[in-house]
Amino acid sequence: MARLHTSAQIPRIRWGIALASGLFFALMLVFALGNAATVYVLVSRFDSSLTKLDSVDRIRVLSQQIAIQAMRLTDGAYIQTAQLSRNLDTFERTVQALKSGGIVDDHEIEPIKDPPLQVRLAEVALHWESYRARVRSVLLNSYSRESVKSLDSTSRQALLRQWVADDAATLHRSIERLGNAMIPVVKFRSGRVLRYVSIALLLNIAVLILAFILVRQHLILPLRRLRGACVDLMEGNYSTHIEYWGPGELGEVASAFNIGAQRIHTLLDSERLNRIRLERSDTVFRGLAANSLVGIYLAQDDRFSFVSPKMSEIFGYTVQEMIDTVPVLGVIVPKERYLVAESLKASLQRKDGTIRYERHGRKKDGSVIDIEVFSSSITVDGQVSIIGIVQDITERKKAEASAQLAEIAYENSSEAIAVTDAAGVVIDVNPAFSRMTGYWSDEVKGEVLALLKPGRHNREFFDTMWHQINTTGRWAGDYWSRHKSGEKYAERVIVDTAWNHDGSVNCRVAMLSDITEKKQTEALIWRQAHHDPLTGLPNRQYFTLRLEQALEQADRESAPLALLFLDLDMFKEINDSMGHGIGDQLLIEVARRLNACTENIGFVARLGGDEFIIIVEHIVDRGLVEDLCSQILASLTEPYRLAGEALRVSVSVGVALYPNDAEDQETLMRHVDLAMYAAKDAGRNRCFYFDQDMRERARIQHNLVRGLSEALAQGQFFLEYQPIYSMHARVITRAEALLRWRHPEFGVVQPMDFIPFAEDRQLISSLGDWVFQHAASQLAQWRDQYETALQMTVNISPSQLVGSGVNLTEWLRQLDRLGLPGDSIVLELAEHMLMGMDTVMIGRLEQLRAAGMRIGLDDFGVGSSSLSIMSTLPVDYIKLDRVFTEHLAVDSSSLMVCEAIILLAHQLGFQVIAAGVTTAEQHELLQRAGCDAGQGYWYGTPLAPEDLERRLQAGEGLPLDC
């Protein structure tokens, strides 16, 4: 298998002209380089032999010169002894170079390596030693032989001359023998060079001949055949054929030519058949178009070239009118024509497949209908055209809209609803049913609804129930059921039957309400007050008491403790995307895992939402806390199996140590909160300890809190105003006053960074009075100056609705002094405030509304309030949160939710303002849905008073003529 796998990965070598040519020239290059290298080596050796032979000849000449100079010296003649010494030295160095190699007179001499020549060279060296000694004796005149000393001067000179002549002759003969022995070697090497050059020349000629034969056989002759076949093909002989099946490109060209010629022949035969079929298809097409239930058209260059009778009937024209006078885009409402133009362009560019789109069509009488179009491109008479079918789907769209509203009501109903077949087998249940019973839709589908089968009550109960259902189609009563967890509960049940036209049962609909009486014992009351009802963990109140005890014990025993603050990452996204039921199940599972991790170690509590906190006492070393953090991170990031799906979440953990990081409970809580948010900022799913950087952020918060009380007196607050546009009047009708703090150290601070501190320090009332006074004064100036009915929106805090928060009498005096009516001021509070609103706060709102002021609900949709609950509150309008508007698009779920909320709000008497509008498309969709007003960056950013004043002075309307 390994061998097969490897071979499959090796690309197959494709033998062709390019590869063959490249290989041939590569071989020729290697061959030429080899010849050159060999010749170079042989010539080098031949040159070396010549150099050594020349050196032998030089020492022969030197030996003669030395002999002549020595004999003249014996005769007593004057000679240059320095020249003689140089000749002796040159001879000596030359002999040594011949023996061992070296450089003499700028000539490199290689050593003699042939054994016969080495013997001759040794003989020369021996005779040279004797001769050199003789010459040096003469040169130094240092003979000491008695026979010489006894002779007279003339005889002694003659004798010395004879000795020199004899030694020179002996040396000369040995040199001659060495030179004679070297001549055959030189001749041999010269001949070898000539032989190799001749052989290389013959081989080169043979290779060239072979290359010519191959080129002629595999290139020239196939090209001639291809030329002849092309001439035959041009003359109309489509049966021509090339007889060449060799490898490489020419073989592929021949094969492609043969296949192409055959295909041309086949295409000519099929063209005649296609023409016959086309005529038949045209007849069939016109027959179908005349009798089709949908409109059929053919368009070219923005004009109809063919229109079926049904097509003209849909738009109220005659066939000829549509062809002669109506352009393609003329049957589309103007605001959607550019979209249809893009779809037509896409149809022309798309070579295959069909494009479908839904648009609003305009009939001849001007009425608007919903149409569904399928179009694709075809070629007619050599030009690209568009063929399509059109269907009137106006009635279908109305039915779909009604079904969508019913689906929204079904999915968002607070009542549990179950739909069954005639026998009580569950077809579907809504989310409220799952929340009430604990069973998800996929757990009960296909099963008999529990309340419709025996098991909980006696047989007589079910017989009576089914008798009434089968005879009247309806039953109502109380029924004891059991939650999936095993807990018993009582439910009020109403069963109705939906009938078919033939009187048969279509389905049965059961509506269930939990009516279990909530009687709690003293222990249960305490548990509800101190434990989270969802997870069963201690709540914030219980945690506060427990932390106070732990800190006191830590002080008494000098035993440090650790506080771990946990926040689930991206929990809001899970709630929004998968539903609160899944979110609740996730929180329960998280609580269970935290209990398992901290068993016998720490105290776990849920502060609210997705926030948990753990107290770990008697910290011996930091390793215990680190191990616990690692265990928590590992446990909480394990997959959760919820509603049949695997879900993963992560958690950010902040750790603060007492007394190292804080000296009291409030500071410890603030520091552990900073550590947790530092973990989130660092990428989530990690644990962070409180450190000096966080201490610096805590210092900044502390400075903000400390400077808050002085900021009002020092005039550091200012207001910006964001316009609110009426979608009906198309002008600015309101401006929202937005508070800003120009801090001397930190610059402009947003309300979210200091309002919580103002509420904690009971400064919100004076701050709210300041905002009201300045906003009202600015409004009075604008209304007087521009004679406008502009209203001013002022945000209020929950703290202003309790105690002495809002000084209603002073506010009304302020309005009276400024000459402003009560309805010129709109007070806006956030939706989440409704959850904690008691009768005192509601009464305060009613007083404000009775004084003429309008009440608005901001951030609607992100909390858990409902429109039905709001109908009991003194509220005039709701402001849709930006989470609904920022994803608005045609056919989006956000649009359907907005339309449903707007419809229900209007039916309950509320106006609707959309916040966070940033595009013209969002404005158009909201205006079409019936939204009353809009606010967001598309209309205008928060502005300084003078900037908004310029807009009011110009009577500025909406940014675009929508």
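This is a predicted model: local features need pLDDT of at least 70, side-chain atom pairs count only at pLDDT 80 or more; totals for chains, interfaces and linings use all residues.
The axes of helix H3 (residues 81–100) and helix H4 (residues 115–140) come within 11 Å and cross at roughly 165 degrees; axes are lines fitted to C-alpha atoms, for helices over the stretch in contact, with angles from 0 to 180 degrees between N-to-C directions. Helices are DSSP runs of H or I, at least four residues, and strands are runs of E, at least two, numbered from the N terminus. H3 and H4 are therefore roughly antiparallel (over 145 degrees).

I then listed the contact (heavy atoms within 4.5 Å). Among the H3 residues that meet H4 are Leu84, Leu88 and Phe91, and the H4 side includes Leu121, Trp128 and Leu139.

Next I checked the sheet. It is open, with five strands in the order S14-S15-S13-S18-S19 and mixed pairing; two strands pair if DSSP finds at least two bridges between them. S14 (602–608) and S19 (687–689) are the edge strands, each with a single partner, so one side of each lacks a neighbour in the sheet. The twist averages 20 degrees from one strand to the next. S13 (residues 561–568) and S18 (residues 651–658) run antiparallel and are joined by eight bridges. Leu566 stands opposite Val653 in S18.

Last, I looked at His671, found in helix H20 (residues 665–681). His671 is buried at 4% relative accessible area (buried means under 20%, with a 1.4 Å probe and protein chains only).

On conventions, I note that residues are numbered from 1 along each chain as its sequence is written. Local features need pLDDT of at least 70, side-chain atom pairs count only at pLDDT 80 or more, totals for chains, interfaces and linings use all residues, and side-chain values use heavy atoms, without hydrogens and water.

Technical notes
Angles under 35 degrees count as roughly parallel, over 145 as roughly antiparallel, 65 to 115 as roughly perpendicular and the rest as oblique. Buried means under 20% relative accessible area, exposed over 50%, partly exposed in between (1.4 Å probe, protein chains only).
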